[in-house]
Amino acid sequence: MTTFANLDLIEPLLRAVAHEGYDRPTPIQAQSIPLLLAGRDVLGCAQTGTGKTAAFALPMLQHLVAHRAPRGKRPIRALVLSPTRELAAQIDESFGAYGRYVDVPHTVIFGGVNQSGQVKILRRGVEVLVATPGRLLDLVGQGLIDLGQVELFVLDEADRMLDMGFIHDIRRVLRLLPPRRQNLLFSATMPHSIADLGASFLHNPAWVEVTPHIKTVDQIEQRVMFVARADKRRLLAELLRSPDVQRVLVFTRTKHGANRLVKQLDRAGIRGAAIHGNKSQTARRKALEGFRRGDNPILVATDLAARGIDVEGISHVFNFDLPNEPETYVHRIGRTGRAGLSGVAISFCDETEGEYLRDIERLTGEPIAVVRDHAYECRQAEPPPIQLRRRGPSPRRRPLPAAKPSPQTRRPPRARRQQRPRRPGAEGTAAPTPTAGNATPTQATSRPRRRRRRRRAPTD
Ligand code: AMP
């Protein structure tokens, strides 16, 4: 069994992980830490919740301690780029936690707040900078940040970065970095665009991958409810009144949709808060703190804003709108069922979302149990059944291009983990919600694959 001690981490870092209560490294940590300590570039397929922050933060801290910068004002030696403010703040907090017994100053910068506090800390000198791309380039442009001494560079959640249109900013940042450095790229999914981006700046990267979502999905009770678009909010209000619904994350596709839903719930006497990119940093922090404390147990979020939310004890995830990317579904429902607790994920599927539902089932290889005979059931919303085969590669996951091969480079597997889908009958154990009638599995029969309709990704 791998332990932190036999990963060759130095004593102050071992003490810090013990302080955090970690018994042993997660798979992504066990794979990445030795590679990073050996100075390798790493291309990692892992999402939030896998322990990936420690996977890169611990070896980075060790490198910064082992190779001390010359005396004087500390230069920025490590840069972590993150897509959202929440995630950036969490990564910075993690550097604080893992680096509590070493002297490595760190800070975080992001937009939406006055820059003066951030600039003050930067002027004192930091070695680790966690940043969102916009604010970083802004401060570089003002001559307040020099990236000329960066030795370690992490591009985190690269798929989200591209979804959010940050590709040009990323390329601009890359041009500001010195050529000799260690690079890391983490992404929850590995479409061709990410592989290409990685190939453009990673040198002889080692490939690491964890697929926690498969496990996560198993411990989460998933259900789908077919409902007309116009009835979704009434159905949600009804379900939210159920006593077993305690701490809830509701996903909408758009920021506007999140705001509207919070108002509609308010009119129904249910208080919730919205969190998305148009909210001020203060409003987002307040909503998140209230959610963490349990004062405000209903949070309505867009995918991008929810990306960095790491809150334990979420009893239910509601997909008010189904995501058009099936991987996003897996990511959303992974917010519940954490730390060994069970969780429930309920998805609403309207007349326009059937294709998304089937895409999700293709990805997970399992039919989602259907809640029948609820008050707002809309049979027309139910798409034709599909044949579910053994779990194979997602249609958009392709192998990496054959750039920069080396004998040591582990290539990504051509096909993802194969797993036989459960027999449809095995899924029908989902307990009915008080208001929702019985859940039964969807029927699996043959149907030719239709082309996926794509919706524009929301911006945050
Ligand atoms: P991350 O994927 O980095 O966002 O981490 C997800 C959660 O896992 C965070 O709450 C971490 O504190 C926690 N975590 C990270 N590494 C470990 C570990 N080795 N053992 C237990 N928990 C961990």
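The questions below start with the whole chain and move on to sheets, helices and one glycine.

Reader: How many helices and strands are there in the protein?

Author: This is a predicted model. The protein has 460 residues, and 47% of them are buried. Its secondary structure comprises 16 helices and 15 strands.

Reader: What share of the contacts with a separation of 6 or more comes from residues 24 or more positions apart?

Author: The count takes contacts in the protein with a separation of 6 or more. Within that set, residues 24 or more positions apart account for 77%.

Reader: Which strands stand at the edges of the open sheet of seven strands?

Author: The sheet has parallel pairing and the order β3-β4-β2-β5-β6-β1-β7. An edge strand here has a single partner strand, so one of its sides is left without a neighbour in the sheet. That applies to β3 and β7.

Reader: What is the average twist from one strand to the next in that sheet?

Author: The seven strands of this open sheet are paired in parallel. From one strand to the next, the twist averages 15°.

Reader: What angle does the direction of helix α2 make with that of β1?

Author: Helix α2 covers residues 27-37 and packs on the sheet. It touches β1 and β7. Its direction and that of β1 make about 170°.

Reader: Which residue of β4 does His-106 stand opposite?

Author: Strand β3 (residues 106-109) pairs with β4 in the parallel sense, over four bridges. Both faces of β4 are covered, with Val-128 and Val-130 on one side and Leu-129 and Ala-131 on the other. Opposite His-106 stands Val-128.

Reader: And which residue in β4 is the bridge partner of Leu-81?

Author: Strand β2 spans residues 78-81. Its pairing with β4 is parallel and takes four bridges. Leu-81 has as its bridge partner Ala-131.

Reader: What is the handedness of the β-α-β unit made by β3, α5 and β4?

Author: Helix α5 covers residues 116-124, and β4 covers 128-131. Together with β3 they make a β-α-β unit. The unit is right-handed.

Reader: Is Gly-125 buried, exposed or partly exposed?

Author: Gly-125 is found in the loop between α5 and β4. Leaving out residues up to four places away in sequence, it touches Lys-73, Arg-74 and Pro-105. Burial takes 20 or more other C-beta atoms within 10 Å, and exposure 12 or fewer. Gly-125 has 14, so it is partly exposed.

Reader: What is the C-alpha to C-alpha distance between Gly-125 and Gly-72?

Author: In sequence, Gly-125 and Gly-72 are 53 residues apart. In space, C-alpha to C-alpha, they are 9.0 Å apart.

Reader: Which strands does α4 lie across?

Author: Helix α4 covers residues 85-98. It runs at about 175° to β3. The strands it lies across are β2, β3 and β4.

Reader: What is the handedness of the crossing in which α3 passes α4?

Author: The axes of α3 (residues 52-66) and α4 come within 10 Å and cross at roughly 50°. That angle makes α3 oblique to α4. Among the contact residues are Ala-57 and Leu-61 of α3 and Ile-91 and Phe-95 of α4. The crossing is right-handed.

Reader: How are α15 and α16 oriented to each other?

Author: The axes of α15 (residues 326-333) and α16 (residues 354-364) come within 8 Å and cross at roughly 75°. Contact residues include Tyr-329 and Val-330 of α15 and Ile-360 and Leu-363 of α16. An angle of 65 to 115 degrees counts as perpendicular. The two helices are therefore roughly perpendicular.

Reader: Which residue of β11 does Ala-274 stand opposite?

Author: Strand β10 (residues 273-275) runs parallel to β11, joined by three bridges. In β11, Ile-298 and Val-300 point one way and Leu-299 and Ala-301 the other, and all are buried. Opposite Ala-274 is Val-300.

Reader: Through which helix does the chain cross from β10 to β11?

Author: This β-α-β crossover is right-handed. Its helix covers residues 281-293. It is α13.

Technical notes:
Residues numbered from 1 in each chain as written. Predicted model: local features only at pLDDT ≥ 70, side-chain atom pairs only at ≥ 80, totals over all residues. Contact = placed C-beta atoms within 7 Å. Pairing = 2+ DSSP bridges. Right-handed = clockwise from strand over helix to strand, strands pointing away. Axes fitted to C-alpha atoms, helices over the stretch in contact; angles between N-to-C directions. Parallel < 35°, antiparallel > 145°, perpendicular 65-115°, else oblique. Left-handed = near helix turned anticlockwise from the far one by under 90°.
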